[in-house]
Every structure is written in structure tokens, then in C-alpha cells.
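Please look over the sequence and the fold below before reading on. The paragraphs after them move from the whole chain to particular elements.

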Amino acid sequence: MASVRGALGVLGAAGGRALAALIDLVLPRECAGCDAAGGLAICDGCARALAGPPAATRPTPAPEGLPPCFSAGGYEGALRALILAYKERGRRGLAAPLGDALAGVVAAGATGRAASHPLVLLPVPATAAAVRARQGDHMLCLADRACRRLRRAGWPTVVAAPLCALPRADSVQMNRRARGLAAQAAFAVRPGRLRKVLAAAEVGATFVVVDDVVTTGSTLAAVATRLAANGIQVSFAATLAATRLRSPPAEVAVRQQNQRQTDDMPSIAQIFSGRS
Ligand SMILES: [Zn+2]
């Protein structure tokens, strides 16, 4: 099986993902979280990584406009592997367990709210390029699954998509501030769909932005800010996982602070390379 999956590389990324998704449906496979054999898409141990319990999480520093956030766990280990397998390697069968886990996170965030008021799930929109590359909108699929799960549990729930994602630059190399600015410019309103969402607001709906992973929070903050500017107040965000951001060691932080005070001083790289 591993050699078959490895051979998919010759098809190119999109073709490989399409075939991987097909193989995922028709052949026995290993666990997507830990590669354990046994013919299960997800083994019992990795399923426990999805079981939570969900908890409140918040990046530090949190960007302006970021709503309260809840996640099933840290973006690491089995949870990270499962998200990547679903999102990047065409393991479509994981939409069910991941969507159910997302429903659990939404339910945790909505605890204490009147169950008679509708929940509106707002998946972070994917760019057209991402939808093409992944053969579909992976967050919309997860939101649909979570919606069905919440309905079965008695929550009146719908999925809405009042925003669309505009093409944007790759943010991997951007610093935190640049990411925030790029995120602010990344979403546009779809007027027809926004009207329906505003109607839900009039009957007291709870609005929940859902995404796979929260890292700096800039995307969630940008979505919530864009919605707020159009009359939709997001109550909270629910994600499958949260990246645990690591602060630099105290000594490095002090040196970075000194570096900002004068350009004449040697750079951090020069200090560590002994050229100062
Ligand atoms: Zn496993």
C-alpha cells in the first residue's frame, strides 16, 4: 500500500490526491494518524486524539477582533497527522470522524446558550485555487458533517457561506503583522448569501466560525471582523486543533529587544555565529 501511495507522486499533486481518494475508498489501508495496519481509516488510539475534551484556546498575542476560540487539541501527533491526511493527501473518509470532532468543539463552545436558538456554522472560505488543488472545499465538507451531527444531537444548525476568499499571496514567509494585513484583505462579502445570514441574526442565531487549525488567529480574526462590519457578530470560533506557539527563550528575546534599539549593533545571527 505504501508503495502504491508513493507511486502517486508521478501523477502530480492534484492527480495524486484524486487517485489517493479513490484508493482510500476501495482498498484496505493503514490508519491515517499513525500508519498502523488493520484496515481501519483511523485506529482506536488515534480516534482518542479526536475525542478531546475540547478546550478554550487563544494565541499570544491575540490579533484584534479574534473571537473566543475552542479546539479539540494541540496541532501535533495523531490529530495533526489526521488533519493533514484529510486535507493534503485525499483521505476523504476522515471527513466523518473529523466532522464529528468539530461538532463536539462547537457544542463545547455553545454550552449554556439557549438550544432553541439556531447555530450558524461559518466555515473559513477556501480560495478557488485551494478548492481546485484539493478537489473540493475541505472545510465546507467538515462543516456539513458537523452540522448533521449537531442536528442529531438536538441543536438546530445550518451552514452558511456569506464570504468568499480572494486570491492571496503565500503567507508562509510573512511575519505576524504582514499575515494579519494579508488576512484582512483576503475575504469579500457575497451580498445574496449575507442577506440570509442577517435574517438568521434577527431570530437570535449564534454564529460560529469553523476552521481546521488556529495558529496566529489572524484568519479567524479577519473573518470575524469582516462579518462584524456587515452586521454579523461571531460568538466564537471552533477549530479541530490549535498550534502551540512557542515564545523565544528569554535571553534571545532580550537580545532581539536590544537589536531593535540600534541598527549599529550586530545582528542576532552574527551574535550566534561568533562574528560580533
Ligand atoms: Zn492510528
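Predicted model: local features only at pLDDT ≥ 70, side-chain atom pairs only at ≥ 80, totals over all residues.

Residues are numbered from 1 along each chain as its sequence is written.

The protein has twelve helices and eight strands, where helices (H or I, at least four residues) and strands (E, at least two) are DSSP runs numbered from the N terminus. Of its 276 residues, 36% count as buried; a residue is buried if 20 or more other C-beta atoms, placed from the backbone, lie within 10 Å of its own, exposed if 12 or fewer, and partly exposed in between. Two residues are in contact if their C-beta atoms, placed from the backbone, lie within 7 Å, and among contacts between residues at least 6 apart in sequence, 73% join residues at least 24 apart.

Strand 2, which spans residues 69-74, is mostly covered, with five of its six residues buried. Strand 2 pairs with strand 1 (residues 55-57) in the antiparallel sense over three bridges, and two strands are said to pair if DSSP finds at least two bridges between them. Within that pairing, Cys69 of strand 2 is the bridge partner of Thr57. Strand 2 also pairs with strand 8 (residues 234-242), here in the parallel sense and over five bridges, with Thr239 of strand 8 as the bridge partner of Ser71.

Leaving aside residues up to four places away in sequence, Leu102 touches Leu142, Ala146, Val210, Ala238 and Leu240.

The axes of helix 5 (residues 95-109) and helix 7 (residues 138-152) come within 7 Å and cross at roughly 60°. Helix 5 is therefore oblique to helix 7, since angles under 35 degrees count as roughly parallel, over 145 as roughly antiparallel, 65 to 115 as roughly perpendicular and the rest as oblique. Axes here are lines fitted to C-alpha atoms, for helices over the stretch in contact, and angles run from 0 to 180 degrees between N-to-C directions.
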